[in-house]
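Trainee: I am new to this kind of structure, and I would like to learn how to read it feature by feature. Could we look at it together?

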Amino acid sequence: MPEDLENRLTRKSAPYTDKTCDLCGATGAAKPMAGANIDACMDCMNTMPNSLVACWREIAELRERNDEMSDVVDSVSSTLGIGSKARTKETILTNIDNMKRFTELLHSMERQFFMVPGAPDEEYPDDEPEPVCLLNSWGSTPDEYLRQLGHALREKQSVAVEDYAAALHCWLKEQPGNPPKEFVDGVYHAAEQAERHAKRLRTPDTDANRA
Ligand SMILES: [Zn+2]
């Protein structure tokens with residue numbers, strides 16, 4: 001047998017004592033075996049024509065590939081939480097499709113509602129800064145992500161409350177004639193309250209935003 005072929009047949013660590021030769025019946029304990037996925041001893045392999053050795057070798061490689069793919073299917077299924085009896089191609093693909101769809105939904109929500117202008121690039125001060133997302137779904141733990149979501153929602157509330165305060169000022173200016181002082185003071189007071197509340201919402205760990 002050519003030396004390189006013998007090397008390939010025996011590249012897995014010998015001696016495979018749990019194996020038995022399909023051709024002569026010798027055990028791995030008694031004779032050196034040809035390989036991890038080859039049920040034949042080295043003596044039988046040496047007496048075979050090379051073409052037959054190649055066939056056995058091919059079968060061994062297919063078995064090895066099959067074992068690898070089974071490992072992949074098992075790992076993917078475990079990650080997806082699919083039980084060992086439900087690991088069909090259809091179940092795995094349905095799970096992956098669902099996961100992709102939920103991820104796309106989450107990212108489209110982030111893009112639609114939680115993008116803010118990014119910081120300007122010092123090297124390109126004239127360029128429009130790239131928008132950034134207030135939520136980091138790639139690098140965050142679920143707890144961190146929820147905290148970011150809480151901050152982002154309070155930021156949105158805060159902007160809405162500030163808009164309300166600004167609207168009160170506008171509304172006051174549009175009042176015909178000279179409204180009574182108590183009325184004007186009351187509206188200013190309400191607007192100040194709203195602005196204070198907006199500020200509280202932006203400050204971490206206050207009663208207003210402790211969820
Ligand atoms: Zn044999």
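Mentor: Let us begin with what counts as an element: helices, of at least four residues, and strands, of at least two, are DSSP runs numbered from the N terminus. Keep in mind that this is a predicted model. In that numbering, Asn95 lies in helix 4, which covers residues 89–113.

Trainee: How many helices and strands does the protein chain have?

Mentor: The protein chain has 6 helices and 4 strands, and read along the sequence they follow the pattern α-β-β-α-α-α-β-β-α-α.

Trainee: Is Asn95 buried, exposed or partly exposed?

Mentor: The general idea is to count neighbours, since a residue is buried if 20 or more other C-beta atoms lie within 10 Å of its own and exposed if 12 or fewer. Asn95 has 17 C-beta neighbours inside 10 Å, and therefore counts as partly exposed. Ile59, which lies in helix 3, is also partly exposed, because 13 other C-beta atoms are within 10 Å. Over the protein chain of 211 residues, buried residues make up 9%.

Trainee: Which residues is Asn95 in contact with, leaving aside its neighbours within four places in sequence?

Mentor: Asn95 is in contact with Leu80 and Ile82. Leu80 is 15 residues from Asn95 in sequence, while their C-alpha atoms are 7.1 Å apart in space. For the protein chain, among contacts between residues at least 6 apart in sequence, 29% join residues at least 24 apart.

Trainee: Which residues make up the largest nonpolar core?

Mentor: That core has 12 residues in all, including Tyr16, Cys21, Met33, Ile38, Val53, Trp56 and Ala60. The elements that give two or more residues to this core are strand 1 (33–35), strand 2 (38–41), helix 2 (42–47) and helix 3 (50–80). Ala60, one of the core residues, touches Gly35, Asn37 and Ile38, not counting residues up to four places away in sequence.

Trainee: How are helix 5 and helix 6 directed relative to each other?

Mentor: Here one compares the axes, and angles over 145 degrees count as roughly antiparallel. The axes of helix 5 (residues 142–173) and helix 6 (residues 181–202) come within 8 Å and cross at roughly 165°, and the two helices are therefore roughly antiparallel to each other. Their crossing is left-handed. The residues of this contact divide into 12 nonpolar, 4 polar and 5 charged; among them are Val161, Leu168 and Leu172 in helix 5, together with Val187, Ala194 and Leu201 in helix 6.

Notes: Residues are numbered from 1 along each chain as its sequence is written. This is a predicted model: local features need pLDDT of at least 70, side-chain atom pairs count only at pLDDT 80 or more; totals for chains, interfaces and linings use all residues. A nonpolar core is a set of buried Ala, Val, Leu, Ile, Met, Phe, Trp, Tyr and Cys residues joined through C-beta atoms within 7 Å. Two residues are in contact if their C-beta atoms, placed from the backbone, lie within 7 Å. Axes are lines fitted to C-alpha atoms, for helices over the stretch in contact, and angles run from 0 to 180 degrees between N-to-C directions. Angles under 35 degrees count as roughly parallel, over 145 as roughly antiparallel, 65 to 115 as roughly perpendicular and the rest as oblique. A crossing is left-handed if the near helix is turned anticlockwise from the far one by less than a right angle, and right-handed if clockwise. Ala, Val, Leu, Ile, Met, Phe, Trp, Tyr, Cys and Pro count as nonpolar, Asp, Glu, Lys and Arg as charged, and the others, Gly among them, as polar.
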